[in-house]
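Please look over the chain shown below before reading on.

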Amino acid sequence: MGQATQQPATHHANGHSHAHPTISPATYLLVLVALVIGTVVTVWTASMDLGAFNTPVALAIAIGKAALIILYFMHIRYSTWLTRTVVIGSFFFLIVLFGLTFADYFTREKTHEIPSLYSPDPILKQQ
């Protein structure tokens, strides 16, 4: 993608100066085009029967598009190491929570249907 240029240092009230990168409009346009292409590929692959690979392919495309959004539109690519660490840690925690949720869901026992008073079964009507 395009390169970021450094703006002149800005001085804050506490005397520290920070250089803030400026991302060119061409970079934003390239990221937008990549996101649109990713959306078209997502729709195209959704119409295909990939068998067991339907979900992994859809997730891979979604992760790629999310990475572009996070890196460029949220400016994480040019952020400090602390910001990057927080973002990576947040996603790791989200993956752990999803994993625990799916583990709970897939290990639950299947419950039987609760009998109704209007059931056609004559034994249930006697109770």
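How many aromatic pairs does the count come to? Rings of Phe, Tyr and Trp (its six-membered ring) are taken to pair if their centres lie within 6.5 Å, with planes under 30 degrees apart counted as stacked, over 60 as edge-to-face and the rest as tilted, and by this rule the count comes to four aromatic pairs. One of them joins Phe102 and Phe106, which are stacked at 6.2 Å centre to centre with 25° between the planes.

This is a predicted model, in which local features need pLDDT of at least 70 and side-chain atom pairs count only at pLDDT 80 or more, while totals for chains, interfaces and linings use all residues. Residues are numbered from 1 along each chain as its sequence is written, and side-chain values use heavy atoms, with hydrogens and water left out.

Phe102 and Phe106 both belong to helix 3 (residues 81-106), where they sit four residues apart, about one turn of the helix. Together with Phe98 and Tyr105 they make up one aromatic cluster. Buried here means under 20% relative accessible area, exposed over 50% and partly exposed in between (1.4 Å probe, protein chains only). Phe102 is partly exposed because its relative accessible area is 47%, whereas Phe106 counts as exposed because its relative accessibility is 63%.

Helices (H or I, at least four residues) and strands (E, at least two) are DSSP runs, numbered from the N terminus. The protein chain holds four helices and four strands, arranged along the sequence as β-β-β-β-α-α-α-α. Of its 127 residues, 11% count as buried.

The unreviewed UniProt entry annotates residues 26-45, 57-75 and 81-103 as "transmembrane region"; its positions are given in the numbering used here, feature names are shortened, and annotations may be inferred rather than shown by experiment.

| Residues | Helix | Strand | Distance between end C-alpha atoms |
|---|---|---|---|
| 26-45 | 100% helix | 0% strand | 28 Å |
| 57-75 | 89% helix | 0% strand | 26 Å |

Thr45 is found in helix 1 (residues 25-46), and this residue counts as buried because its relative accessibility is 12%. The side chain of Thr45 reaches the backbone oxygen of Thr42 at 3.1 Å. Leaving aside residues up to four places away in sequence, Thr45 touches Val57 and Ile61, where contact means heavy atoms within 4.5 Å.

Note on methods:
A polar contact is a pair of N or O atoms within 3.5 Å; within protein, one must be able to donate a hydrogen and the other to accept it, and residues adjacent in sequence count only if both atoms are side-chain atoms.
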